[in-house]
Amino acid sequence: MTITIALPSKGRMKDDCSAVFERAGMPIVAVGNDRSYRGRVESLEGVEIAFLSASEISREIGNGSVDFGITGEDLVREGMAEADRRVEFCARLGFGHADVVVAVPEIWLDVDTMADLGDVAADFRARHGHRLTVATKYWRLTQQFFSSQHGIQLYRIVESLGATEGAPAAGSADIIVDITSTGSTLRANHLKILSDGIILRSEACLVRARKESHEGDPMVQRIISAVRSAL
Ligand SMILES: Nc1ncnc2c1ncn2[C@@H]1O[C@H](COP(=O)(O)OP(=O)(O)OP(=O)(O)O)[C@@H](O)[C@H]1O
Ligand SMILES: O=P(O)(O)OC[C@H]1O[C@H](OP(=O)(O)OP(=O)(O)O)[C@H](O)[C@@H]1O
């Protein structure tokens, strides 16, 4: 059976991914020319590489059309319900670090925790004429964290596809949920992370789609071990 591994075709994780495979003794060569979206591992028969974007990789692992992928944990957990049942996080790779966080305007001096935010949300409409509004592209993670983990129900999500940190100043949302790595974008937009507002500490992971066909397939175990040995 051919095993397909999806790797980033572009973006911030691309070069680190090739380096991991190189160190793992599985150097990747493009099939065709440099712009090809297919590749193979020089030393392994029966392994195919598909070059996709980070978010496509999480989708393709979710629907089982690839066997393995390297992408951010945030994209996998945002992209599917019950991620741990459907995929295995085989290795954390030590790059692509980003935290998914809840951030509020710095001038909300009395709001430092999710409990404080719950209090604010409770009478937000009475005070401001609308429900507390959260700008994010992380719908699923926000709902799980606010509703299931912190019992906050009175809020509304507005989808943000870019420049999320600008939403409070622009008046399109009150607070945000977004990723941060150095924190400089949050600071530039006068936002602060709540002390217990880290939803997920994400990094690039080797992720396997849980498939029956993998059971007892030595190639599956060989790929996992090789990547782990390169860390
Ligand atoms: N500073 C950062 N900003 C954005 N993403 C980051 C950052 N640091 C690490 N990441 C991680 O990188 C991944 C996204 O990678 P990238 O931005 O390269 O994807 P992409 O190629 O833009 O994908 P797509 O085009 O499908 O959105 C996410 O898992 C994210 O957590
Ligand atoms: O904490 P920081 O180091 O400031 O990084 C966080 C910012 O970086 C990303 O945006 P980026 O400009 O990379 O573009 P993207 O949203 O298209 O990924 C992300 O969406 C944040 O806005």
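**Ligand 2**

I began with R12: an N or O atom in its side chain sits 2.7 Å from an oxygen atom of ligand 2. I count a polar contact as a pair of N or O atoms within 3.5 Å; within protein, one must be able to donate a hydrogen and the other to accept it, and residues adjacent in sequence count only if both atoms are side-chain atoms. This is a predicted model, so I kept local features to pLDDT of at least 70 and side-chain atom pairs to pLDDT 80 or more, while totals for chains, interfaces and linings use all residues. Residues are numbered from 1 along each chain as its sequence is written, chains are lettered from A and ligands numbered from 1 in the order in which they are written, and side-chain values use heavy atoms, with hydrogens and water left out.

The side chain of T185 places an N or O atom 2.4 Å from a ligand oxygen, and S181 brings a backbone N or O atom to 2.8 Å from an oxygen atom of ligand 2. Taken alone, ligand 2 exposes 490 Å², of which the protein buries 59% (Shrake-Rupley areas with a 1.4 Å probe; for residues, only the protein chains shown count as cover).

Which residues are around ligand 2? I listed R12, E165, D178, I179, T180, S181, T182, G183, S184 and T185, where near means a heavy atom of the residue within 4 Å. β10 and α9 (184–188) each supply at least two residues of this shell, and β10 gives the largest share, three residues. Helices here are DSSP runs of H or I with at least four residues, strands are runs of E with at least two, and both are numbered from the N terminus.

**Ligand 1**

Ligand 1 has 14 residues around it, and K10, R12, S53, S55 and D74 come nearest. I noted a polar side-chain atom of S55 at 2.3 Å from an oxygen atom of ligand 1. For S53, a side-chain N or O atom is 2.8 Å from a ligand oxygen; for K10, the corresponding value is 2.9 Å. On its own, ligand 1 exposes 620 Å², and the protein buries 72% of that.

**Helix α2**

In α2 (residues 54–62), I found I57, S58, E60 and I61 buried, meaning under 20% relative accessible area, with exposed over 50% and partly exposed in between (1.4 Å probe, protein chains only). Down the axis, the buried residues of α2 fall within an arc of 165 degrees, so they line one face of the helix; the arc is that of the directions from the helix axis to the C-beta atoms. Their cover includes β1 (3–8), β4 (47–52) and α3 (73–79), with contact meaning heavy atoms within 4.5 Å. Just after α2, G64 takes a positive phi of about 75 degrees.

**Helix α5**

Which residues of α5 (residues 114–122) are buried? I got M114, L117 and A121. They cover an arc of only 50 degrees around the axis, which puts them on the same side of α5. The face turned away carries exposed A115, D119 and A122. Among the elements covering the buried residues of α5 are β7 (98–105), α7 (139–149) and β11 (191–202).

**Cysteines**

I searched the whole structure for disulfides and found zero, using a cut-off of 2.5 Å between cysteine sulfur atoms. C17 is buried at 1% relative accessibility, and C90 is buried at 5%.
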